[in-house]
Amino acid sequence: MSSARSRRKRDPEIVIARDTDSELSSSEEEEEEEDNYPFSESEEEDEAVKNGGKIELEKNKAKGKAPITVKLIKKVCKVCKQPGHEAGFKGATYIDCPMKPCFLCKMPGHTTMSCPHRVVTDHGILPTSHRNTKNPIDFVFKRQLQPRIPPIKPKYVIPDQVHCAVIRYHSRRVTCLEFHPTKNNILLSGDKKGQIGVWDFGKVYEKNVYGNIHSVQVNNMRFSPTNDDMVYSASSDGTIGYTDLETGTSSTLLNLNPDGWQGANSWKMLYGMDINSEKGVVLAADNFGFLHMIDHRTNNSTGEPILIHKQGSKVCGLDCNPVQPELLLSCGNDHFARIWDMRKLQPKASLHDLAHKRVVNSAYFSPSSGTKILTTCQDNRIRIWDSIFGNLDLPSREIVHSNDFNRHLTPFKAEWDPKDTSESLIVIGRYISENYNGTALHPIDFIDASNGQLVAEVMDPNITTITPVNKLHPRDDVLASGSSRSLFIWRPQDKTEMVEEKKDKKIIICYGDSKKKGKKQKRGSDDEDDEDDIFSSKGKNIKVNKYQAKTTKKTKT
């Protein structure tokens with residue numbers, strides 16, 4: 001213990017000699033930038049302390065080689081930046097900063113490990129708002145829209161077994177997923193590099209990656225309502241692409257940066273996107289708070305951009321109401337989700353503003369009736385409004401859920417199950433890991449939005465990275481997940497056995513331009529993209545026993 005203290009006090013320096021003529025590869029340069037770890041636990045440090053704080057690595061000391069001096073720094077807390085303590089993951093345990101409230105529920109007086117919301121997810125349950133209103137719109141809701149929702153919830157079917165996967169499919173982390181509207185086995189995936197992948201997971205080995213569409217991150221994709229083989233995509237390069245999936249040819253429908261890079265203050269990026277087929281327009285929103293519209297019948301811009309959020313703030317998401325086409329839902333960095341009437345889109349003319357405490361990652365209408373609203377916020381809260389016709393000042397329910405992290409991850413977004421006629425089942429990945437038989441795993445959570453209860457937590461012992469991107473199939477009992485650069489298809493256990501006919505799961509390992517193996521990776525750093533992050537294959541073909549995957553289901557008590 002005394003020697004460790006003396007090492008911290010001395011702050012020794014390590015002199016490392018390397019050849020100045022040699023250049024680091026791009027992956028090595030990124031590794032240096034990403035890791036930034038002092039050699040505090042290395043053998044070099046121990047030897048440096050013994051020699052008065054400096055050491056020359058004799059094996060690299062030769063003529064023409066210049067020394068590099070690396071100063072050892074004291075470890076500080078990653079949260080409050082103060083020395084003397086640490087915060088973050090140790091194995092599957094998240095250690096809170098003593099200077100901050102509980103990381104999970106944001107309330108003082110306890111830590112994340114003892115937080116009651118790690119077991120009971122609901123928080124601040126409020127009565128359904130529309131029941132307390134008396135107006136003509138509420139009458140219309142009860143007579144015309146409510147009969148679409150069955151009074152008895154159907155039994156949930158949870159895809160809990162990995163059926164097939166493509167490991168390291170993308171060269172950068174997956175950012176969005178979209179199922180084909182008519183071909184059940186086709187999955188589209190976008191990544192941080194701007195590539196769009198097309199994978200036939202029914203045949204498993206049929207896959208393509210198109211890298212000529214965008215130059216940087218793909219944030220959203222939507223299929224054309226008039227042509228199932230054409231897809232719109234919005235990117236951080238400020239463009240909307242229109243791509244033929246059969247040929248891979250793409251055209252640019254909107255370019256917000258025609259003059260190229262002019263500085264960070266003027267570079268426009270497109271995030272939220274949706275298609276209003278009734279109005280015949282493609283809607284996209286940028287990082288300055290503006291909404292852009294394109295007529296999808298002529299593929300030409302229509303009208304001037306409209307400011308729908310605070311100027312200079314990013315609009316994270318857009319969603320058109322499935323039943324009332326004139327209603328549009330948006331959310332953004334200004335801590336609001338806003339409801340708009342598309343017949344009179346004007347700045348500061350929203351129908352209602354739903355206040356949140358931090359950035360709103362996503363906001364969606366319910367898929368069948370369009371009367372409910374589901375939002376995901378960076379304050380570790382999932383919020384549900386049971387009726388857009390009632391009192392929207394407060395949510396009907398708040399559910400505490402671990403999703404407060406997106407620096408090196410695609411933001412977490414809770415999404416409805418489009419097949420659930422009761423409009424209550426939602427799915428979302430989890431940031432804080434749990435200890436499952438000695439392995440730190442990040443489950444995918446299925447939550448009942450009507451009462452805040454955890455229905456199931458789905459995980460596979462081989463998937464040790466975080467899974468922030470999840471998409472439920474609109475017709476089949478299938479879940480698609482994006483974890484780092486890999487894609488996974490989940491099916492219910494009994495159906496998985498029927499499809500596989502007692503064969504091993506189909507796992508494809510794509511090496512592509514992946515980095516050198518054996519690199520040190522930081523916990524939670526899904527970016528730049530973890531080498532042996534999923535399925536510890538180490539270059540070998542692997543087989544996964546179909547009974548290895550685990551799921552924990554919660555029953556209502």
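Predicted model: local features only at pLDDT ≥ 70, side-chain atom pairs only at ≥ 80, totals over all residues.
## An open sheet of five strands

Let's start with the sheet: 5 strands make up an open, mixed sheet in the order β34-β35-β36-β6-β37. Strands here are DSSP runs of E at least two residues long, helices are runs of H or I of at least four, and both are numbered from the N terminus. Two strands count as paired if DSSP finds at least two bridges between them. At the edges sit β34 (469-472) and β37 (506-509), each pairing on one side only. From one strand to the next, the twist averages 20°, with axes fitted to C-alpha atoms and angles between N-to-C directions running from 0 to 180 degrees.

Within this sheet, β6 (residues 161-167) and β36 (residues 486-491) run antiparallel and are joined by 5 bridges. If you look at C164, you will find its bridge partner in β36 to be I489.

Residues are numbered from 1 along each chain as its sequence is written, and side-chain values use heavy atoms, leaving out hydrogens and water.

The chain averages a pLDDT (the predictor's confidence in each residue, from 0 to 100) of 78, and 70% of the residues score at least 70. Over residues 1-60 the pLDDT is below 50, although this stretch has 89 contacts in the model beyond near neighbours in sequence; a contact means heavy atoms within 4.5 Å. Residues 125-134 also stay under 50, with 23 contacts beyond four places in sequence.

## Two nonpolar cores

A nonpolar core is a set of buried Ala, Val, Leu, Ile, Met, Phe, Trp, Tyr and Cys residues joined through side-chain atoms within 4.5 Å. Buried means under 20% relative accessible area, with a 1.4 Å probe and protein chains only. The largest core has 20 residues, of which L374, I382, I426, Y431 and I447 touch the most other members. Strands β26 (381-385) and β29 (425-429) each supply at least two of its residues. Domain 1 (83-119) and domain 2 (157-491) each give this core at least three residues, the bounds coming from an automatic or database domain assignment.

Beyond its neighbours within four places in sequence, L374 has contacts that include I382, W416 and I426. A second, separate core of 19 residues includes I158, V162, A165 and I444.

## The whole chain

Overall, the chain has 5 helices and 38 strands, and 54% of its 557 residues are buried.

Terms used: Buried < 20%, exposed > 50% of the residue type's maximum accessible area, 1.4 Å probe, protein only.
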